[in-house]
Amino acid sequence: MVGGSVTSRLTVVQEGVSSSLNVSPSELIFECNEVGTKTVNVTSNITWRVSNTNNTNFTVTPNTGEGSRAVSASTKALNDSKSNYTSTITVSGTNGDRRTVSVTQRWEPYFDGYNDEILEASGGSVDLYVHTL
C-alpha cells in the first residue's frame with residue numbers, strides 16, 4: 001500500500017489473578033498468668049472478616065480487613081479457672097475460603113493469680129514457710 005496507513009489489531013488476554021487467603025500461625029498459646037496480645041498474620045488479596053468463638057475470654061481486632069495485615073488476639077484476664085480457656089478464630093474470605101487459628105490460655109493447678117509462682121503436686125512432702133510483713 002502506497003501513501004496509506006495500515007491498521008493492525010492486537011488482542012491481549014490476561015488470565016485473572018486467583019484469590020488467596022492464608023493465616024499464620026495456626027495456633028496461639030497464652031500461659032495462665034499471661035494477659036496480653038499475640039498477632040495472627042493474614043496474607044490475602046481479597047476482603048475478609050474475622051469471627052471468634054469465645055468473646056468472654058479473648059478479644060480479636062480488627063473484625064474485617066482487606067489484603068494482608070495483622071489481626072490481634074488478646075486475653076482479657078488471668079486464667080484462674082480449673083480448665084483451659086479455648087477459642088477458634090475464623091478468617092473468612094469473600095471467595096468462600098476459611099482459615100482457622102486455635103487459641104488457648106492454659107490453666108495450671110495451684111496458680112494463685114498474683115505472681116508467677118506455680119506450685120505443682122508431685123507426691124511426697126513439702127515444707128512451706130510463710131513470711132508475713
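The legends below describe a predicted model, first as a whole and then in close-up views. Local features require pLDDT of at least 70 and side-chain atom pairs pLDDT 80 or more, whereas totals for chains, interfaces and linings use all residues. Residues are numbered from 1 along each chain as its sequence is written, and side-chain values use heavy atoms, with hydrogens and water left out.

**Figure 1. Strands of the protein.** The protein contains 9 strands and 0 helices, where strands are DSSP runs of E with at least two residues and helices are runs of H or I with at least four, numbered from the N terminus. Along the sequence the pattern reads β-β-β-β-β-β-β-β-β.

**Figure 2. Surface and contacts of the protein.** Of the 133 residues, 29% are buried, that is, under 20% relative accessible area with a 1.4 Å probe, protein chains only. The accessible surface (Shrake-Rupley method, 1.4 Å probe) is about 9600 Å², and 47% of this surface belongs to carbon and sulfur atoms. Among contacts (heavy atoms within 4.5 Å) between residues at least 6 apart in sequence, 56% join residues at least 24 apart.

**Figure 3. The aromatic pair of F30 and F58.** The structure holds 1 aromatic pair, defined by ring centres of Phe, Tyr or Trp (its six-membered ring) within 6.5 Å. F30 and F58 form this pair at 6.2 Å centre to centre, with 40° between the planes; the geometry is tilted, as planes under 30 degrees apart count as stacked and over 60 as edge-to-face. Because F30 lies in strand 2 (residues 27-30) and F58 in strand 5 (residues 58-61), the pair ties together parts 28 residues apart in sequence. Both F30 and F58 are buried.

**Figure 4. K38 over the ring of F30.** K38 lies over the face of F30, 5.2 Å from the ring centre. A charge sits over a ring if NZ of Lys or CZ of Arg is within 6 Å of the ring centre and within 35 degrees of the ring normal.

How values were computed:
Buried means under 20% relative accessible area, exposed over 50%, partly exposed in between (1.4 Å probe, protein chains only).
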